[in-house]
Amino acid sequence: MHMITMDRRVIPAIMLAIALALSIPAVAASRQITISLQTHHRYFSHEIGSETMHASFYLFGGDDIEWWQGGAVFIYTLPNEVARERIDALNKALINLFKDLGFIIVAGTVKPTYAKIVYKFDGVLEFEGFYFVDDNGTITIEWSRGKPLIITIESKATIRAETAEYLGRADWRIVEINGGRGVLWPEIKITPTGDRMKLLVVPREGYTGITTQVANYYRNETRTLYLGGGPALHEVDTHAPGYSLRDSGVFWGRHPAIKVIYDEAGKHVLYIDWFWCSETPA
């Protein structure tokens, strides 16, 4: 029988290496932080049926999040190829809808000439390289033959998708406590990507019921602004066990903050300064 012997001085070093290797995944797995949201203003939550200063929310993380408060408008003008693809897709969908409604083309041709479609959404949508986030957002698609296709998205926040990661949604939790009903405020656990991290919180609630109308006489337009529940960007130290982030605490609106234009010159992304009536490259 042959026996394998090992230098006793090597054994402690091997054991230490094994212990360190086993400990690394455990440390990484346990390094999570808990995020919740507290509003600046007390409001009535329809989710739980009472007043509160906590709220459900959507959460995004990143090193350098590029975002705007408000939505976006997309303008597609021929002969741009992207515009042609979008308009052709819309026409095809309209013809299919025409047939699905029961119309049969016995002879001749049918061409759509005008369309206006409105969607409502509660969630996170991705379109043209942007995230759109809202609990009560609106998408309006409008087109007339021979004119540009215009898609207007009204949302609480617009985020350049390549600069942020969607981390999840936090909701109220109903639990049974001693035979009764208990409510746990919304929170989410996230895994940090470094020692510091930027977090964009977009509340699903928090609106106090207070609105104001702001008029721009040069544009002949009026905007509605809401108090409470606005999105806010925070930077946190990820070594802390958790944070209760705040909403913006100020008035906010859903009107477009950026304009994306597809025309014969290509693609242009502009920031809309509604108050000063200016548009600058975004």
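Reader: Does Glu128 count as buried or exposed in this model?
Author: Good place to start, and keep in mind that this is a predicted model. Glu128 sits in the loop between β6 and β7. Buried means under 20% relative accessible area. Glu128 has 18% relative accessibility, so it counts as buried.

Reader: What is the phi of Glu128?
Author: Most residues other than glycine have a negative phi. Glu128 is a residue other than glycine with a positive value, and its phi is near 55 degrees.

Reader: Which residue between β11 and β12 takes a positive phi?
Author: Strand β11 (residues 173-177) and strand β12 (residues 180-184) run antiparallel and are joined by 5 bridges. One of the pairs is Ile177 with its bridge partner Gly180 in β12. The hairpin has 2 residues between the strands, and the one with a positive phi, near 50 degrees, is Asn178.

Reader: Where is the cis peptide bond that involves Pro79?
Author: Find the loop between β5 and α2, where Pro79 lies. Most peptide bonds are trans. With omega near 15 degrees, the cis bond runs from Leu78 to Pro79.

Reader: Which element gives the most residues to the largest nonpolar core?
Author: The largest nonpolar core has 23 residues, and Phe74, Phe130, Leu149 and Ile151 have the most contacts inside it. Elements giving two or more residues to this core include α2 (81-100), β6 (114-127) and β7 (130-144). With 5 residues, the top contributor is β7.

Reader: Which residues does Ile151 touch, leaving aside those up to four places away in sequence?
Author: Ile151 is among the residues with the most contacts inside the largest core. In soluble globular proteins, nonpolar side chains tend to be buried together. The residues that Ile151 touches, beyond four places in sequence, are Ala72, Val73, Phe74, Tyr76, Phe127, Ile139, Thr140 and Ile141.

Reader: Is Phe103 buried, partly exposed or exposed?
Author: Phe103 is in the loop between α2 and β6. Together with Leu97 and Leu101, Phe103 forms a nonpolar patch on the surface, with about 330 Å² of accessible area. Because its relative accessible area is 47%, Phe103 is partly exposed.

Reader: Which strands are at the edges of the open sheet of 3 strands?
Author: The order in this sheet is β15-β16-β19, with antiparallel pairing. For instance, 2 bridges join β16 to β19, and Leu227 has Phe251 in β19 as its bridge partner. The edge strands, each pairing on one side only, are β15 and β19.

Methods: Residues are numbered from 1 along each chain as its sequence is written. This is a predicted model: local features need pLDDT of at least 70, side-chain atom pairs count only at pLDDT 80 or more; totals for chains, interfaces and linings use all residues. Side-chain values use heavy atoms; hydrogens and water are left out. A nonpolar core is a set of buried Ala, Val, Leu, Ile, Met, Phe, Trp, Tyr and Cys residues joined through side-chain atoms within 4.5 Å. Buried means under 20% relative accessible area, exposed over 50%, partly exposed in between (1.4 Å probe, protein chains only). Helices (H or I, at least four residues) and strands (E, at least two) are DSSP runs, numbered from the N terminus. Contact means heavy atoms within 4.5 Å. Two strands pair if DSSP finds at least two bridges between them. Patches are made of residues with over 30% relative accessible area and no salt bridge: like charges are joined within 9 Å, nonpolar side chains (Val, Leu, Ile, Met, Phe, Trp, Tyr) within 5 Å. Accessible areas come from the Shrake-Rupley method with a 1.4 Å probe; for residues, only the protein chains shown count as cover. A salt bridge is a side-chain nitrogen of Lys or Arg within 4 Å of a carboxyl oxygen of Asp or Glu.
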